[in-house]
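Thanks for making time this morning. I would like to walk you through one group of charged side chains, and I will go slowly so that you can follow along on the screen.

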Amino acid sequence: MERAGRPGSDGEHLLQERLGTADRADRFYDEQVLDHLNVRMREFVGRQEMFFLATSDRHGECDSTFRAGPPGFLRVLDGRTLAYPEYRGNGVLASLGNIEENPHVGILMVDFFRDRIGLHVNGRARVVEDDEMRAHHPGLPVDPVPGRRALVWVEVAVEEAYIHCAKHIPHLQKVPMRGRGRAGDGPRTDRPREPEQGRAWGTDDVKRKGGDFFGAAAEAREGRRTPPAERPAAPAAPEPARPEEWLEEAERVLAEARRRAAQKGPQPFSGWFR
């Protein structure tokens with residue numbers, strides 16, 4: 001999402017100047033931020049089994065969520081386009097609803113198990129019917145698991161792609177799912193079972209979905225929730241700066257960045273994903 005020839009938002013540029021990180025930020029922009037998915041990024045995306053998704057509605061009210069599926073469920077259609085299926089969920093459709101109002105999305109993939117690295121992809125999304133997606137991309141697989149059959153697809157036009165560095169990512173290890181026996185059935189088997197036997201894809205069974213783990217339903221039943229009319233009002237948002245103030249400051253920051261770039265000259269190539 002490039003503005004005035006420089007990646008990032010006006011707000012981050014202003015904070016970089018205020019906190020003295022502009023030089024560091026410029027190196028990151030120059031070396032790591034792409035407007036497409038290169039070969040290594042495409043390979044990385046193709047083997048991920050989960051990602052985190054950020055959306056917001058037209059008012060800027062945000063939502064974050066988690067998506068998972070078999071490797072390759074987040075598909076690279078080409079170097080500038082991703083797509084993923086939306087499976088059957090709780091019926092709220094919060095993320096899809098936000099995308100209908102505001103196409104800007106942020107995707108974060110983290111490989112906790114092998115490379116211990118992350119990849120951010122920001123872009124513009126649209127909701128596509130399954131029939132339309134398959135008509136344009138006939139090679140898409142048909143998943144045999146009912147709960148993993150696409151209701152619709154989300155197609156994302158890539159605008160930014162960049163690394164999430166490894167230094168704060170924990171290294172995790174996958175544990176095989178074991179078979180379980182009931183009391184009186186004899187000893188438990190140590191034979192790993194297929195993931196589909198332990199994941200309740202698309203289920204409406206409350207217990208298999210996690211039950212009332214956080215006690216929200218119990219609060220509702222017992223009347224312990226504050227009625228909306230009695231909830232304290234959210235604090236008023238600060239008055240935004242006038243557009244001319246943002247423009248003046250952005251032009252100053254850009255001029256300073258150009259001055260530093262001219263002083264530094266060409267920089268050696270050192271990108272992780274390039």
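**A network of charged residues**

What you see here is a predicted model, and I will begin with D115, which forms a salt bridge with R114, the closest N and O atoms being 3.5 Å apart. In terms of accessibility, D115 is partly exposed, with a relative accessible area of 34%, while R114 counts as exposed at 53%, because the cut-off for that word is over 50%.

Now, which residues does this pair belong with? Through salt bridges that share partners, E43, R47, D111, R114 and D115 are joined into one network.

Let me turn to R47, which is partly exposed at a relative accessible area of 21%. One of its partners is D111, and in that salt bridge the closest N and O atoms lie 2.9 Å apart. Where do these two sit along the chain? D111 is in strand β5, residues 104-111, and R47 is in the loop between α3 (39-46) and β1 (50-56), so that the pair, 64 residues apart, links distant parts of the chain.

Is D111 buried or exposed? With a relative accessible area of 4%, D111 is buried, because buried means under 20%.

R47 also forms a salt bridge with E43, where the closest N and O atoms are 2.8 Å apart, and E43 is partly exposed, at 41% relative accessibility.

To put this group in context, a search of the whole structure finds 13 salt bridges.

Conventions:
Residues are numbered from 1 along each chain as its sequence is written. This is a predicted model: local features need pLDDT of at least 70, side-chain atom pairs count only at pLDDT 80 or more; totals for chains, interfaces and linings use all residues. Side-chain values use heavy atoms; hydrogens and water are left out. A salt bridge is a side-chain nitrogen of Lys or Arg within 4 Å of a carboxyl oxygen of Asp or Glu. Buried means under 20% relative accessible area, exposed over 50%, partly exposed in between (1.4 Å probe, protein chains only). Helices (H or I, at least four residues) and strands (E, at least two) are DSSP runs, numbered from the N terminus.
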